[in-house]
Amino acid sequence: RQNKLAVTALQLSNQTQNDDFVLEDVPHLTNFLPDLPSYPNPLQKSQAYSIVKRNFVSPDDVVAQNVVIQKENPRGVHFRRAGPREKVFFKPEEVRACVVTCGGLCPGINTVIREIVCGLNNMYGVQDILGIEGGYKGFYSKNTKILNPKVVNDIHKRGGTFLCTSRGGHDTHKIVDNIEDRGINQVYIIGGDGTQRGAALIYEEVKKRGLQVAVAGIPKTIDNDIAVIDKSFGFDTAVEEAQRAINAAHVEVESVENGVGIVKLMGRYSGFIAMYATLASRDVDCCLIPESPFYLEGRGGLFEFIEQRLKENGHLVIVVAEGTGQEYVAAEVHAADKKDASGNKLLLDVGPWLSDKIKDHFTMSRKMPVNMKYIDPTYMIRAIPSNASDNIYCTLLAHGAVHGAMAGYTGFTVGPVNSKQAYIPIARVTERQNTVKLTDRMWARLLASTNQPSFIGSDQERVDKEILKI
Ligand code: ATP
Ligand code: MG
């Protein structure tokens, strides 16, 4: 059922609002042709759902972005609540769904794939599900894999992605040609910010061609830097696995004289993993993240702090997020401005740079040799399967996406807002990145826990600006 739609003059309004209420709505396939049919949800006959108190989510239910409403700012942004609807847009036997994974690895991708397949099949009786292999370019350069509950049964126990992934190769026209040729009418796209931008283009092209195809994004980023949603899947697992690296560094430095451990963790533009791993561990003396400026020399600088901790405890552990201090490294390394296949800037490696700086300073200037232990657990963390809480979370995401697409919503990303699953317009999650706010309580908690310098003196202007924003 992939009839062409005569796109009507009905223009989808993405925002409905009055004085106090803003709804950032997601498109629905019937927005473009109001007369399209709808069918009773097959879940009405499902034993599992018949015992749920209110088995279907009203299409009018919304989720509030802010739970704390301030008197001076009572207007709240809202999103459509995710979940099964009483009426669905697709007849299950007419669904041909596909799943694709793009970008870097992250624990939990296989669980999301598994739960999309099992959710479609078990809840809605959908039989025709294709796996697109090797990311976006797989749409036009590779064969597809047939997916069913049996094929995906065990994949959540493995790390990586069962469908393989890639960077680059997003050709919107070729992808949508392929969607049309194969008669696909539900597209589930798992990936990070770049992938979601690509998903938005696919949605626009599908709309332009008047195809009855639901495009659903499932946000993936180990860095937890996706805006609007509470947190991204794989993040908890990453923080947990990072503990092992921090623990190893701590054991190493405790066992030698003047031991300095450096653990480099993921976080290109945001330091959430480093911040949470530090808060969870208690073995970390100093956490450096891209959002927080730092400096090495002089009063209140990192060298002074290291010396003080070495004198007090004989060792210390530093956690550094990968995107930290890029300006310092760039000033000394003079590397060419390189990009990956997706056009992302390749970062300079702050870990070895910081290790060398500390070693040189203490050996040469201070005549106080240090025992440097540098650990980069990035690939070990990315490659593991998701932990229990991420597995549950991935299931909620996958089911949310399936319910949304079956109900006829499109151009949406699914994710928890204030711990309720919601449908969020794709553009809303790609327009900006979520970063650690230095003026938030969580960063203050970290500073209180490590007792590290805040380095605020180095960039007072920036902090003042942040304070003005809140
Ligand atoms: P992560 O950064 O978490 O690893 P990502 O999804 O951001 O994940 P990218 O490599 O940037 O990873 O992008 C994944 C896919 O999305 C690639 O196939 C790339 O071609 C495509 N893509 C990236 N940015 C865009 C864009 N602006 N428009 C269309 N497609 C894009
Ligand atoms: Mg990215």
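## Contact between helix 5 and helix 6

In this predicted model, Thr172, His173, Ile175, Val176 and Ile179 of helix 5 meet Leu201, Ile202, Glu205 and Val206 of helix 6 (contact: heavy atoms within 4.5 Å; helices: DSSP runs of H or I, at least four residues, and strands: runs of E, at least two, numbered from the N terminus). The residues of this contact comprise six nonpolar, two polar and one charged (Ala, Val, Leu, Ile, Met, Phe, Trp, Tyr, Cys and Pro count as nonpolar, Asp, Glu, Lys and Arg as charged, the others, Gly among them, as polar).

The axes of helix 5 (residues 172–182) and helix 6 (residues 193–208) come within 10 Å and cross at roughly 60°; axes are lines fitted to C-alpha atoms, for helices over the stretch in contact, with angles from 0 to 180 degrees between N-to-C directions.

## Nonpolar cores

The largest nonpolar core has 92 residues, and Ile113, Ile116, Tyr188, Ile218 and Phe233 have the most contacts inside it. Apart from it lies another core of 25 residues, among them Val260, Leu348, Trp353 and Ile358. A nonpolar core is a set of buried Ala, Val, Leu, Ile, Met, Phe, Trp, Tyr and Cys residues joined through side-chain atoms within 4.5 Å.

## Lys264

Lys264 lies in strand 12 (residues 259–265) and is buried, with a relative accessible area of 9% (buried: under 20%, 1.4 Å probe, protein chains only). Leaving aside neighbours within four places in sequence, Lys264 contacts residues including Glu322, Asp349 and Asp376.

## Basis of the values

Residues are numbered from 1 along each chain as its sequence is written, and chains are lettered from A and ligands numbered from 1 in the order in which they are written. Local features need pLDDT of at least 70, side-chain atom pairs count only at pLDDT 80 or more, and totals for chains, interfaces and linings use all residues, while side-chain values use heavy atoms, leaving out hydrogens and water.

Note on methods:
Buried means under 20% relative accessible area, exposed over 50%, partly exposed in between (1.4 Å probe, protein chains only).
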